[in-house]
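Take a moment to look over the sequence and the structure below. Then let us walk through the two chains, from the whole down to single residues.

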Amino acid sequence: MKKFDKERVLLAVAGPVIALVAAVVLTSFVLIASGKSPIEPYTLMFEQAGFADVQVLIINQAGVYYLAALAVAVGFRMNLFNIGVDGQYRLAAMMTAVVGAHVSLPAALQIPFLMLVAVLTGAFWAGIAGVLKVTRGVSEVVATIMLNAIATSLIGYLTLTEVWGKPLGNNQTTGVMKESGWFPGFDMGDAGEIYGFTVIAVLAGVLYWLVLNRTRFGFDLRATGASETAAAASGVDAKRMVLTAMLISGGVAGLAGLPILLGDAHTYSLSFPTGLGFTGITIALLGRNNPVGIAFAALLVAFLDKASPALDYATPVAYDKEIAVIMQGLIVIAVVVSYEAVRVWGLRRQQRRVGAELAAAAANDNSKKEVAAR
Amino acid sequence: MSVELAGITKRFPGVVANHDIHLSVRKGTVHALVGENGAGKSTLMKILYGMQKPDEGTIAVDGEQVAFASPADAITRGIGMVHQHFMLADYLTVLENVVLGSEKLHGIGAAARRRIVEISERYGLGVRPDALVEDLGVADRQRVEILKVLYRGARILILDEPTAVLVPQEVDALFDNLRELKAEGLSVIFISHKLGEVLSVADEITVIRRGTTVGTAVPAETTSRQLAEMMVGSELPTPETAESTVTDKPVIQVEGLTVYAGGGASLGESGSVGEAPAAGSLAGAASAGDAKRVLDDVTFTIHAGEVMGIAGVEGNGQTELVDALIGLKNADSGTVRFLGEEITSWPTRRRREQGVGYIPEDRHRHGLLLEAPLWENRILGHVTEKPNSKGFWLDPKGAQADTRRIVEEYDVRTPGIDVTAASLSGGNQQKLIVGREMSHKPRFLIAAHPTRGVDVGAQAAIWDQIREARREGLAVLLISADLDELIGLSDTLRVIYDGRLVADADPAAITPEELGSAMTGAASGHLEHVERAERAEEAPEDEAR
């Protein structure tokens, strides 16, 4: 039985490793094609990762990515494609910023309260797609993409000066949040500050694992993802499951903007980062929806993000920092291909091995009859 | 001989799908290949079409031995296949669909059109090259598929269950086409399990059962009764139920159960799950008003200790009956009572928790998570029950321990409980499912084809399990294509046809042949055979006993 455990680890690692190697090789081809060194950008980026301040940046960014990717992964585990994480976290961050600027509770209450606002906003926005799917059969992919666009417009409207916005120089903000809602960070001296919310991200990962693998609800969710028909026959209410999964996914997505909002920005403005939700999809894919895998993937992508800007200023030859973007794109493609290939290969391999082991066992006691028909 | 298969054997891990198969198709004939689902027909055809490689045996085309690495090789040799599910692009014209992938033959313009019209006229296919496939009906699409194959130069056509999607008039038209084809010297291999059709169109019939060819027949010298006998077989160990254990305590009472065909929902897709009043699927509610009744006023009672067998040709409402009983499909009218309590509106989970066991017809779709380990499959369907969970939490240790017990007690051949369900053979998967369902001491068991694709030893073991549980007061609804199994295990027998229970029989007094002819007879409207076989007339409604 040990063999199969080892086998599973091998299979789990083979996919990402093949994908990453392929992505690096392909990126090198791009570099060669543009007449540049195919190796130096990597060494430059690794050098960057040695600096403490870059490390802090990477960890902070990874925490944000981790939450966004968890949100996507919840949907993935039951074959729901929540592309709307982007709109959900932005809307949630904005609402939280507005509430945080107007409500002032003691810190011990203020922070949980703000988190609740974020979760509910994200869940509400994702829930729209969930309700549409359950009642009208609208594909959640289409609905969430549309909701992203609507969220952008809605945020634009709500941050107008006439509504909740406060102009600040050239920027349009929602006003500075009350200080009791600032999430204390870990001071790293000159290197900067690690968001305290990163701890929440880690806890969310633990909770994710616990719920999926150790609860009845998690089993139903995974069963639905593995085989909708079998789950239905086993008594899972598919509609309720779709709605619940969308709500959870949206709720987690709502948290994704908070590390930045509560730890650093303290207001929602035009310069609030966008696109985290889409990066989250990449990371969830790369991390195979596994909480540990997602953590590694989040760190990797954060590293690419934060180590690549230095390429622009490299001497004597400058590289385009977009190399990192190219690489991220290639990772996605490579991941999809290599995971499917590894999955099929792994299944075949296990079938063969089980067949072989049983044949060996059958040879020992000759009583076994041949099994006919499929 | 245009095709000759000799000694074909194909093994999948732990399973022999084909074993020593012999098939000879003469030039200019229609050769039918008949057998139950899962008998190995499709594997054999995949081998002939180059999609699978045989482990043993030889294939000869026109007397020349060949080995196919891919369907492309088979096509070069003049073998073409018309799949049951059409492979046409809806938004392209017939011409475009036909040339797609074979642009090299006659180009994509006038020459191709000439060729298509020529083939169409020669074989009387009546295909219009410029019609959009989207606008064509099922029968026309099928003719396009046949034309596609002929365009590629096929001399040997494989038709996989071609009549499954056609109405009777279309079937007749198809058979006329087939006669044209054979008059031109082409050979047709016709896969079916509809015996009446096979007898009317085939020149020769090969019967396949449990992965091997059991005989060849000529329609003129055989009857559908004899064919059914060959298909089902009677040399298997007979599942005799020793003494009657039927009590007078009703366990399941079904009254006037009616279900309408509801678009996608009728396929048993996940979308159809839901609370009782929500009749619609995820894809939208289907209007029940003008829909076909897939179950029509079905009434029966099964008592504690009673096994009720349902005989019938597949597709006559068995699937819908099972779905309605387990709660995957909601009754449009009628009631289901379980131990006196009305459960018509109960969701699936509640039914299962209360003691309805379910051995599904299609274990891959409804019974297993193929890529999950065995112990997770042991949880499936019983996640709220011990030993799988403690309250809100899952209990992996308990489930694993109990999986080991099932593997042991039910003789599931596996190296461990951490391997995926997909790596087990069909028979062992089935034993796991039976073990799982029996472990929860059901009061009512729905057993749909419980021993399909299972080897003889496992079959006997499963029968023993059912018999033992029956002695302890289990009520069983048994649906099977294996008539020996039905007769041997059942205390009462019903025949289902077109969604209605049209006949009943006493298993002690009926033979497989008589029952088989009742099913085919019912299918073609000859119910008088049944009367000799001791049953009620068609007209009076099936009373609850």
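Accessible area is worked out by the Shrake-Rupley method with a 1.4 Å probe. By that method, chain A exposes about 16900 Å². Carbon and sulfur atoms supply 68% of this surface. Keep in mind that this is a predicted model.

Start with chain A as a whole. It holds 14 helices and four strands. Its C-alpha trace spans about 85 × 60 × 35 Å along the principal axes. Of its 374 residues, 51% count as buried. Now take the contacts in chain A with a separation of 6 or more. Residues 24 or more positions apart account for 75% of them.

Turn to chain B. Here there are 19 helices and 22 strands. Chain B has 545 residues, and 57% of them count as buried. Its accessible surface comes to about 21100 Å². Carbon and sulfur atoms own 49% of that area. Among the chain B contacts with a separation of 6 or more, 72% join residues 24 or more positions apart.

A:Leu26 sits in helix H1 of chain A, which runs over residues 2-33. Its relative accessibility is 39%, so A:Leu26 counts as partly exposed.

Now look at how two helices meet. Two packed helices are described by the angle between their axes and the distance between the axes. H8(A) brings A:Phe217, A:Asp220, A:Leu221 and A:Thr224 to the contact. H10(A) brings A:Met241, A:Thr244, A:Ala245 and A:Ile248.

Some backbone angles deserve a look too. Most residues other than glycine have a negative phi, and most peptide bonds are trans. A:His266 has a positive phi, near 60 degrees. This residue lies in the loop between helix H11 (258-265) and helix H12 (276-286) of chain A. Is A:His266 buried or exposed? With a relative accessible area of 9%, A:His266 is buried.

A:Asn289 also has a positive phi, about 60 degrees, and is not a glycine. Its place is the loop between H12 and helix H13 (291-307) of chain A. A:Asn289 is buried, because its relative accessible area is 14% and the cut-off for buried is under 20%.

Compare A:Asn171. It is found in strand S2 (residues 171-173) of chain A. At 22% relative accessible area, A:Asn171 is partly exposed. Beyond its neighbours within four places in sequence, A:Asn171 touches A:Lys166, A:Ser269, A:Leu270 and A:Ser271.

Finish in chain B, in the loop between H13 and S17. B:Pro387 is found there. The peptide bond from B:Lys386 to B:Pro387 is cis, with omega near 0 degrees. B:His382 lies in the loop between helix H13 (374-379) and strand S17 (389-390) of chain B. B:His382 counts as buried, with a relative accessibility of 2%. Leaving aside neighbours within four places in sequence, B:His382 is in contact with B:Arg352, B:Asn388, B:Arg436, B:Glu437 and B:His440.

Technical notes: Residues are numbered from 1 along each chain as its sequence is written. Chains are lettered from A and ligands numbered from 1 in the order in which they are written. This is a predicted model: local features need pLDDT of at least 70, side-chain atom pairs count only at pLDDT 80 or more; totals for chains, interfaces and linings use all residues. Side-chain values use heavy atoms; hydrogens and water are left out. Helices (H or I, at least four residues) and strands (E, at least two) are DSSP runs, numbered from the N terminus. Buried means under 20% relative accessible area, exposed over 50%, partly exposed in between (1.4 Å probe, protein chains only). Contact means heavy atoms within 4.5 Å.
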